[in-house]
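Please read the following explanation with the sequence and the structure side by side, and take the residues and elements one after another as they come up.

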Amino acid sequence: MQYAVISDVHANLEALSAVLSDIKKRGLKKVLFLGDAVGYGPNPNECTELLKETSEVLLAGNHDWAVLGLTDIEYFNEHARDAILWTESVISEKSRKILSQLHITKNLSVEDIFLVHSTPKSPEEWHYLLTSWDAEVNFHYFKERICLLGHSHLPFIIEKLPSGEMIVHKEKTEIKKQESRYIINVGSVGQPRDHNPKACYAVIDNAHVELLRVQYDIEKTQKKMSKVGLPEPLVERLPRGT
């Protein structure tokens, strides 16, 4: 087992291209995408098509469903709503078809991995998994040893020991052969929110998981966002990683 795991691209082509280039340099052949190809950024069609070409598994996120009219955008903040409305105006039929075929969960039975965009407990309600308490609850809603997710744009690794104790790892950890279980948030490619503006993704194999950061041309993305009229706060947040 060896996967590159990416999530929350949010139509940021520069970030996605940089991450895919890094994945290729590392010799990784299999890519898992955990949702939110679109929303916030200026290249929804290019990112959706590129993800389709390069990913072995693709999931839908809340922004993908919102563009399809499957999720109510009333609970989105003002800037996210504006970005969805803009995306709806430019999304191609090809991209719409790709997004419409995506599920919100996936089980990799051989690898003992559960994939979801938001949470195992209520994947279609788009809740966030942010705290140890959230993790404790959600460990009961998947049977696999490992759960990979995104959505919050905040990368972390939570290990639950056989004793029930939970340990948080910030960047990497060994995948132990004992009966530990894991919830891993792979962060965001296109809009990190952990005060590190570099694109984030994870690499996982039978023995290890590691969260990696990749520099990309933020200014180029910002200029494209401003040119198409996306909300300025979305433009300004990228170099802050917030």
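Phe142 has a relative accessible area of 5% and is therefore buried in this model, which is a predicted one. Phe139 is likewise a buried residue, because its relative accessible area is 3%, and both values fall under the 20% below which a residue counts as buried.

These two residues also meet through their rings. Phe114, Phe139 and Phe142 together make up one aromatic cluster, and the structure as a whole holds 4 aromatic pairs. One of these pairs joins Tyr75 and Phe76, whose ring centres are 4.8 Å apart and whose planes stand at 85°, so that the arrangement is edge-to-face. Between Phe139 and Phe142 the ring centres are 5.7 Å apart and the planes lie at 35°, so this pair is classed as tilted. The angle of 35° is what decides the matter, because planes under 30 degrees apart would count as stacked and planes over 60 as edge-to-face.

From the side chains we can move on to the strands. An open sheet is formed by 6 strands, which follow one another in the order β4-β5-β6-β10-β7-β8 with mixed pairing. At its edges stand β4, covering residues 105-108, and β8, covering residues 166-169; each has a single partner strand, so one side of each is left without a neighbour in the sheet. On average, and with direction ignored, neighbouring strands of this sheet are turned by 15° against each other. The pairing of β8 with strand β7, residues 156-160, is antiparallel and extends over 4 bridges, and within it Glu159 has Ile167 of β8 as its bridge partner.

The helices remain to be considered. Two packed helices are described by the angle between their axes and by the distance between those axes. For helix α1, residues 13-25, and helix α2, residues 44-54, the angle is about 20° and the axes are 10 Å apart. The two helices α1 and α2 are therefore roughly parallel to each other, because angles under 35 degrees are counted in that way. Their crossing, finally, is left-handed.

Technical notes. Residues numbered from 1 in each chain as written. Predicted model: local features only at pLDDT ≥ 70, side-chain atom pairs only at ≥ 80, totals over all residues. Heavy atoms only, no water. Phe/Tyr/Trp six-rings, centres within 6.5 Å; stacked < 30°, edge-to-face > 60°. Buried < 20%, exposed > 50% of the residue type's maximum accessible area, 1.4 Å probe, protein only. Pairing = 2+ DSSP bridges. Axes fitted to C-alpha atoms, helices over the stretch in contact; angles between N-to-C directions. Parallel < 35°, antiparallel > 145°, perpendicular 65-115°, else oblique. Left-handed = near helix turned anticlockwise from the far one by under 90°.
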